[in-house]
Amino acid sequence: MTETAQTPARVLVNAPKTAKRGDVIEIKTLVSHIMETGFRHDTSGNLVPRNIITRFECRYDGAVIFAADFSPAIAANPFLTFFTVATVSGPLEFSWTGDNGFATTHQAMLTVA
Amino acid sequence: MMRKAAILAAMLVTALAVPALAGEIAPQDRKSGYTGMSAENRAMQDDDTINPATLWVLDGEALWSAKAGAANQSCAGCHGDAAVSMKGVSARYPAFDDASRAPVDIEQRINLCRTRHQNATPLPPESRDLVALSAFIGRQSRGLPIATPDDPRLKPFLARGKALYTQRQGQINLSCAQCHDDNWGRNLAGNIVPQGHPNGYPLYRLEWQSVGTLQRRLRNCLTGIRAEPYAYNAPDYVALELYLRQRAAGMLVETPAVRP
């Protein structure tokens, strides 16, 4: 469980399990990632290669409702919060992709009454 | 660089010359660093699903039940449910270790458990796994008062810690006490000087962008006063940790806290 790109990233998603149709719901996501900028040098003067998440997507019932392109200026362990309108019962699918083949996903069910 | 240090030193001397020496903080005046934080940072600490340290706590929870070492034993194999067995444990550390005849902090205790009972190699200082385990164990004491053991064998180490705390060090020639006893609540550049209570460690520091232990924080303080930091796990760190924990006895544990 060292901070390499190969180990699966720890993800924390906070989304409501149930909502009324038409409710505005808040979704919070947190993912563990070092977000190495690619601009820093190590103690020997060598450039530390860039290692960041480049893309986040959230699909609700199959459709992308929120997406973000990340840049090197984003802090480690990126936290995102966004809102959507509860329309139908369906899965919320989250995906993070990035450098060195980084890819991690998470799924949560939203039941709309 | 030297000139910058000299200017900073001059600024500090000017800032510190004004108030009379305040001495030790009275128990009723003690404040957690939490109280001096922005509303945003407090919100981050208050909600486990926002607090990035939760990522470490979850890693630590997984490590707790993972078998390790030649003994093929997990922490849970001996200690069972951490919510029961580890409740209040880290609130008592540093504590005296019979075999080492010296106090050990909670990270050192984890590594002693690894070498003595799991036949595993000790985890490197500040490694992700060690910090994660410490954060997970510390989390079990959240909300409980810091309770350093009333152990007579700790007395000389406590005295050493207090001596280090009040001793001027580094190019800037400052002691811990000059900032954290005499000038807490005042401004040092853009920051409020905290009282320096170790009630949230290991904690997520925004400056680090990761969770770190109290020893890592003490290294920061030492480089801040332009002193050479001790090597990790040096007895002087543990003595300082012991004094700081006793100084904060009774304050509530916030592990894993968030600090700027």
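## Nonpolar surface patch

V24(A), F83(A) and V85(A) make a nonpolar surface patch of about 310 Å². Patch residues have over 30% relative accessible area and no salt bridge, and nonpolar side chains are joined within 5 Å. V85(A) belongs to strand β6 (residues 79-85) of chain A, strands being DSSP runs (E) of at least two residues. With a relative accessible area of 41%, V85(A) is partly exposed, a class between buried (under 20%) and exposed (over 50%) for a 1.4 Å probe and protein chains only.

## Basis of the values

This is a predicted model, in which local features need pLDDT of at least 70 and side-chain atom pairs count only at pLDDT 80 or more. Residues are numbered from 1 along each chain, chains are lettered from A, and side-chain values use heavy atoms.

## Aromatic pairs

Over all chains there are eleven aromatic pairs (ring centres within 6.5 Å; planes under 30 degrees apart are stacked, over 60 edge-to-face, the rest tilted; for Trp the six-membered ring is used). The planes of W56(B) and Y204(B) stand at 65 degrees with centres 5.8 Å apart, so this pair is edge-to-face. Because W56(B) is in helix α3 (residues 53-64) of chain B and Y204(B) in strand β5 (residues 203-205) of chain B, the pair ties together parts 148 residues apart in sequence. W56(B) and Y204(B) are both buried.

In chain A, one aromatic cluster is formed by F56(A), F66(A), F82(A), F94(A) and W96(A).

## Charges over rings

R128(B) lies over the face of W56(B), 3.9 Å from the ring centre. The charged end of R219(B) is over the ring of Y232(B), at 4.4 Å from its centre. The criterion is NZ of Lys or CZ of Arg within 6 Å of the ring centre and within 35 degrees of the ring normal.

Definitions and conventions: Helices (H or I, at least four residues) and strands (E, at least two) are DSSP runs, numbered from the N terminus. Patches are made of residues with over 30% relative accessible area and no salt bridge: like charges are joined within 9 Å, nonpolar side chains (Val, Leu, Ile, Met, Phe, Trp, Tyr) within 5 Å. Accessible areas come from the Shrake-Rupley method with a 1.4 Å probe; for residues, only the protein chains shown count as cover. A salt bridge is a side-chain nitrogen of Lys or Arg within 4 Å of a carboxyl oxygen of Asp or Glu.
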